[in-house]
Protein chains: 2
Amino acid sequence: MKKLLIVLLLCSFSSFSQENDSLIIRKIFDEVLSKGEAYKTLTHLSKKIGPRLSGSEGAAKSVLFTKKVMEDYQFDKVFLQDVMVPHWVRGKKEEAFIEVGKQKIIVPIAALGGSVATATTGVKAEVIEVKNFEELKMLGTEKVKGKIVLYNRPMDATKINTFEAYGGAVNQRGGGASEAAKYGAVGAIVRSMTTLNDDNPHTGGMRYATGVPMIPTAAISTNGANLLSKMLKENPKLQFYFKQNCETLPDAPSHNVVGEIKGTEKPEEIIVVGGHLDSWDLAEGAQDDGAGCVQSIEVLRALKALGIKPKRTIRVVMFMNEENGLRGGTKYADLAKQNNEKHIAAIESDNGGFTPRGFGMVGTDTQIAKIVAYKNLLAAYGLNEISKGGGGADIGPLGQQGTLLIGFKPDSQRYFDFHHAKSDTLEAVNERELNLGAASMAALVYLIDKYGL
Amino acid sequence: MKKLLIVLLLCSFSSFSQENDSLIIRKIFDEVLSKGEAYKTLTHLSKKIGPRLSGSEGAAKSVLFTKKVMEDYQFDKVFLQDVMVPHWVRGKKEEAFIEVGKQKIIVPIAALGGSVATATTGVKAEVIEVKNFEELKMLGTEKVKGKIVLYNRPMDATKINTFEAYGGAVNQRGGGASEAAKYGAVGAIVRSMTTLNDDNPHTGGMRYATGVPMIPTAAISTNGANLLSKMLKENPKLQFYFKQNCETLPDAPSHNVVGEIKGTEKPEEIIVVGGHLDSWDLAEGAQDDGAGCVQSIEVLRALKALGIKPKRTIRVVMFMNEENGLRGGTKYADLAKQNNEKHIAAIESDNGGFTPRGFGMVGTDTQIAKIVAYKNLLAAYGLNEISKGGGGADIGPLGQQGTLLIGFKPDSQRYFDFHHAKSDTLEAVNERELNLGAASMAALVYLIDKYGL
């Protein structure tokens with residue numbers, strides 16, 4: 001009987017509590033949807049500052065700007081963390097054409113981040129097209145030597161989640177140059193990572209393997225790749241010319257930007273919510289990852305505006321250098337360890353500011369189960385996909401400290417239309433969708449803060 | 001033991017069957033995502049034909065075009081259903097300005113569909129602003145007579161589903177003129193039905209009540225409404241001028257367009273999938289409802305391409321005149337009754353071609369439960385919201401015949417950015433999102449055809 005009573009009491013407490021949570025979550029969404037400031041902040045970041053590649057003037061400006069935004073919101077503490085970042089610059093715009101006899105057809109390319117330049121006179125060679133590293137290996141030095149390799153495996157359009165399609169194609173971009181160099185190629189041209197057929201080259205990071213020559217590598221627009229592939233079938237001996245002027249300068253000083261509200265009961269337990277401030281140099285970086293940055297700031301703004309005083313410390317972090325080094329994320333975790341900080345959870349938004357679908361997590365089963373249990377509170381806001389698997393690049397290094405890593409999961413359909421291309425502008429972001437994402441993250445932060453992990 | 005065996009057999013049959021269904025649904029999505037033709041058809045409908053208001057040349061062209069598309073796909077049967085439709089025309093573009101002293105500020109308006117014209121010299125009067133009919137009633141004839149009523153209640157941005165916000169504001173558009181006329185108003189200007197602050201007037205249908213004067217009524221852009229409201233606070237005596245040249249012509253002949261694949265086992269049981277072919281005159285009508293039309297055609301194209309021979313008859317219907325009369329939907333149901341046809345289910349796509357979220361249904365609990373049970377097969381495609389409540393305007397009249405009415409439910413966030421405004425162009429539609437919707441509908445048609453209702 002006593003047991004039953006306790007169970008009943010617990011049930012009624014828990015249902016009261018859920019009702020109460022449900023009301024507060026509703027207030028969070030109301031606040032963000034009617035008074036949200038994320039889009040305004042993003043407008044400045046995209047239109048007044050623009051591209052923010054690590055080490056650039058834009059990156060430096062964005063550090064000062066987001067610090068000021070957080071100071072103006074009067075968060076309890078706003079500070080910078082010093083971090084040295086890679087400093088790659090594109091230099092003068094690339095040139096490229098397909099040459100058949102006397103005909104020259106210009107195609108749009110963009111050097112991949114980290115690539116070396118071509119000779120100042122450019123490089124011109126025959127092209128060998130492959131779909132993957134296995135094909136390249138089969139061709140071997142005999143067929144590849146002295147040529148430019150065209151990597152032309154498209155993202156698989158039949159994948160429902162476009163990140164899966166991206167994951168299935170991106171090794172061409174990341175490792176294609178060094179793989180090609182193993183067999184004596186003189187350059188590597190990579191089909192842009194997008195399911196669109198468009199004329200924008202989509203850039204992105206690449207890395208050279210040690211022990212092989214560093215050959216120049218660039219992304220070509222999907223239309224360009226299709227054209228080149230088609231022409232190769234008709235003229236296997238055609239020549240491809242490209243010239244790029246990029247270089248890697250010495251590492252540059254930069255910063256993570258951190259704002260926090262101190263917890264009232266367990267200030268030593270920290271919940272992080274963040275995005276990355278750097279972007280590729282071709283774009284305004286509105287979706288990648290201006291959206292995640294301004295959403296993260298909005299989380300703290302909204303909680304503060306609603307007078308919610310968290311028990312635990314909530315930190316919003318603008319990570320620097322996700323795109324080509326992850327130095328900010330690494331530094332943040334190093335400092336957390338050094339300072340004996342206890343990060344219970346970290347939420348990252350780096351999949352765009354689209355309509356929310358859920359959260360993907362990396363952590364222990366117990367941690368994950370605790371978050372999955374909030375599904376009934378969050379489903380009304382379209383957050384149906386709350387499950388294992390996900391996280392985020394910048395928060396990744398915190399994983400070793402036992403932190404639950406949570407990736408905000410918006411709808412993925414349009415992300416790669418803009419990703420790392422000049423089309424990633426403010427206009428690619430819908431204000432309501434952006435706000436819904438911020439509110440979703442704020443609701444989850446509220447629940448984690450209240451119930452711990 | 002025997003019972004157990006039967007249960008075990010049933011379980012294994014059912015799990016085999018589910019596995020099989022799951023494979024076929026995967027094939028449907030693969031087909032549509034990699035070879036889908038909906039976007040191509042929509043491109044023609046939007047860019048070559050454009051606006052398709054009932055009775056217009058565009059509407060007539062779209063009938064012939066979609067009939068031809070279905071004939072080219074060699075559906076078993078393609079035919080037209082005659083229907084007389086209202087024929088309202090906008091005439092020369094509207095003019096409107098706010099007048100304070102010698103200052104005239106031009107604002108963007110668009111006559112509401114069905115409205116009468118102003119006098120050829122326009123109408124100029126003071127403005128009285130209200131948020132709803134109750135406020136209007138409180139003001140009464142004394143305050144309203146001789147004035148122009150500004151209806152300025154915004155769509156509620158805090159609603160997660162924007163259709164709910166629309167439902168909470170649209171009575172101003174539909175009935176505002178007659179309500180205002182009851183108290184002697186000389187015109188009614190209605191805030192556009194969108195959560196955006198933009199310069200596009202969003203038109204839409206309105207109806208005059210009997211027994212009150214028919215006064216001219218127009219939508220004003222949200223920015224225009226905000227400006228007018230602000231200026232009214234400073235100058236309650238300001239004048240508003242507008243002139244519109246619309247008229248209602250005699251009913252015109254038009255058509256529903258129907259294509260079908262005959263069922264192999266139960267041809268007398270019909271499953272309908274459709275959208276409406278007419279659009280407002282200001283726009284290309286790409287989202288409303290070109291998307292629904294081309295998705296519906298794609299359902300049948302994909303099933304046929306995959307060699308799926310339905311047991312039941314599958315019909316794709318392009319309904320005419322959803323926007324200002326619903327004559328096509330009404331006629332379709334009338335003919336179904338007259339011909340003793342048995343429609344077991346009807347699916348309508350008229351909420352835009354955005355990323356799928358689910359299906360909303362109107363029918364018996366048994367019917368609905370049968371569809372809800374497919375959730376586990378459909379959730380992998382983002383179809384999490386399969387529940388009671390929804391349907392569609394054009395299929396509505398079939399409800400009286402016991403047909404299960406199913407509304408395709410895409411994400412709603414961006415729909416009212418474009419709805420009934422000139423911004424509803426092909427560019428507002430994302431090809432992947434459009435395809436996912438078509439595949440979702442095809443998957444559901446496949447299941448309903450296979451298992452019945």
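The legends below describe close-up views of a predicted model.

**View 1. The two-fold relation between chain A and chain B.** Within chain B, the C-alpha nearest the axis belongs to B:N384, which lies 3.4 Å from it.

**View 2. The surface through which the copies meet.** Of the interface residues of chain B, 100% are also interface residues in chain A, so the copies meet through the same surface.

**View 3. Packing of helix α8 against helix α13 in chain B.** Helix α8 of chain B (residues 286-305) packs on helix α13 of chain B (residues 431-451) at an angle of about 55°, and their axes are 8 Å apart. The crossing of the two helices, α8(B) and α13(B), is right-handed.

**View 4. Residues in the contact of α8(B) with α13(B).** From α8(B), the residues B:A291, B:V294, B:Q295, B:S296, B:E298, B:V299 and B:L303 meet B:L434, B:G437, B:A438, B:M441, B:A442 and B:V445 of α13(B). Sorted by class, this contact of α8(B) with α13(B) has nine nonpolar, three polar and one charged residues.

**View 5. Domain 1 and domain 2 of chain A.** The domain assignment of chain A gives domain 1 as 23-85 + 251-451 and domain 2 as 94-248. Taken over C-alpha atoms, the centres of these two domains of chain A are separated by 33 Å. Their contact takes 17 residues from domain 1 of chain A and 20 residues from domain 2 of chain A.

Technical notes: Residues numbered from 1 in each chain as written. Chains lettered and ligands numbered in written order. Predicted model: local features only at pLDDT ≥ 70, side-chain atom pairs only at ≥ 80, totals over all residues. Heavy atoms only, no water. Least-squares fit on C-alpha atoms with pLDDT ≥ 70 in both. Contact = heavy atoms within 4.5 Å. Axes fitted to C-alpha atoms, helices over the stretch in contact; angles between N-to-C directions. Helix = DSSP H or I, 4+ residues; strand = E, 2+ residues; numbered from the N terminus. Left-handed = near helix turned anticlockwise from the far one by under 90°. Nonpolar A, V, L, I, M, F, W, Y, C, P; charged D, E, K, R; others polar. Domains from an automatic or database assignment.
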